[in-house]
Amino acid sequence: MTGKTHIVGGIAAGLAYAQITNYDPIIMLGAGIVGALLPDICHTGSKIGRKFKLLSKLISMLFGHRTFTHSLLFLVIIATLLNSFIPNEAVKAGVLAGMVSHYVLDMATKNGIKLLFPLSMTVRFPLTTRTGSKVESAVFSVLALLSFYFGYEAFSYYL
C-alpha cells in the first residue's frame with residue numbers, strides 16, 4: 001500500500017480505538033499516523049524512510065523490506081520501548097493501533113509480509129491487490145469514510 005493509504009488507515013484505527021477506550025482522540029489520531037508509517041522505516045523511498053535516511057538505509061540493508069519491521073517481533077519491541085519510555089497510554093495505544101493497521105493493509109498486497117520473522121513464511125490474505133491499484137484506491141476511500149465517521153463521533157462534543 002502507498003503512504004497515503006497507510007496514513008488514512010492509521011487515522012481510522014486510532015480514532016476507532018479512541019471510541020472504545022475513551023483516550024484523547026487527537027492524541028490517538030497523531031499517534032496512529034506515526035504507527036502507520038513506522039513499519040516502512042525499512043524502505044528508503046517511504047515517507048518515514050526519506051525523513052530518517054541513514055536509519056532507513058541501515059535497516060533496509062540488514063533486513064530488507066517487509067520483513068523485521070513488519071513482524072510481530074518488531075511490534076513487541078516497539079510496545080516494550082513505548083512502555084519503558086512513554087507514560088501516556090493514548091500515545092502507546094495509538095502507535096500500536098497504527099502499526100497493526102499497517103500490517104493488515106500490507107497483508108492485503110500480493111507481496112504480503114513476514115509477520116512471523118525470523119521465519120521466512122509470507123503472510124497475506126487470500127484476496128490481494130497491487131500497491132497503487134484501483135482496488136487500493138477503493139480501500140483508501142473506505143478508510144477515509146471510516147476516518148470521517150470515527151472523527152465525527154470522537155469530536156462531536158466539540159460541535
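How many residues does α1 have, and how far does α1 reach from its first C-alpha to its last? Helix α1 has 19 residues and reaches 26 Å, close to the 27 Å expected at 1.5 Å a residue; the expected span is 1.5 Å times one less than the number of residues. Helices here are DSSP runs (H or I, at least four residues), numbered from the N terminus.

This is a predicted model, in which local features need pLDDT of at least 70, side-chain atom pairs count only at pLDDT 80 or more, and totals for chains, interfaces and linings use all residues. Residues are numbered from 1 along each chain as its sequence is written, and side-chain values use heavy atoms, with hydrogens and water left out.

Next, select asparagine 22, which follows α1 and has a positive phi, near 65°.

Now show α1 together with α2. Residues of α1, including His6, Ile11 and Leu15, meet residues of α2, including Met28, Leu29 and Ile33; contact means heavy atoms within 4.5 Å.

Then colour the buried residues of α1 (under 20% relative accessible area, with exposed over 50% and partly exposed in between; 1.4 Å probe, protein chains only). Among them are Val8, Ala12 and Ala18. Their cover includes α2, α6 and α7.

Finally, select arginine 66 and aspartate 106. They form a salt bridge, with the closest N and O atoms 3.3 Å apart; the term requires a side-chain nitrogen of Lys or Arg within 4 Å of a carboxyl oxygen of Asp or Glu. Arginine 66 lies in the loop between α4 and α5, and aspartate 106 in helix α6, 40 residues apart. Both residues are buried.

Methods:
Helix = DSSP H or I, 4+ residues; strand = E, 2+ residues; numbered from the N terminus.
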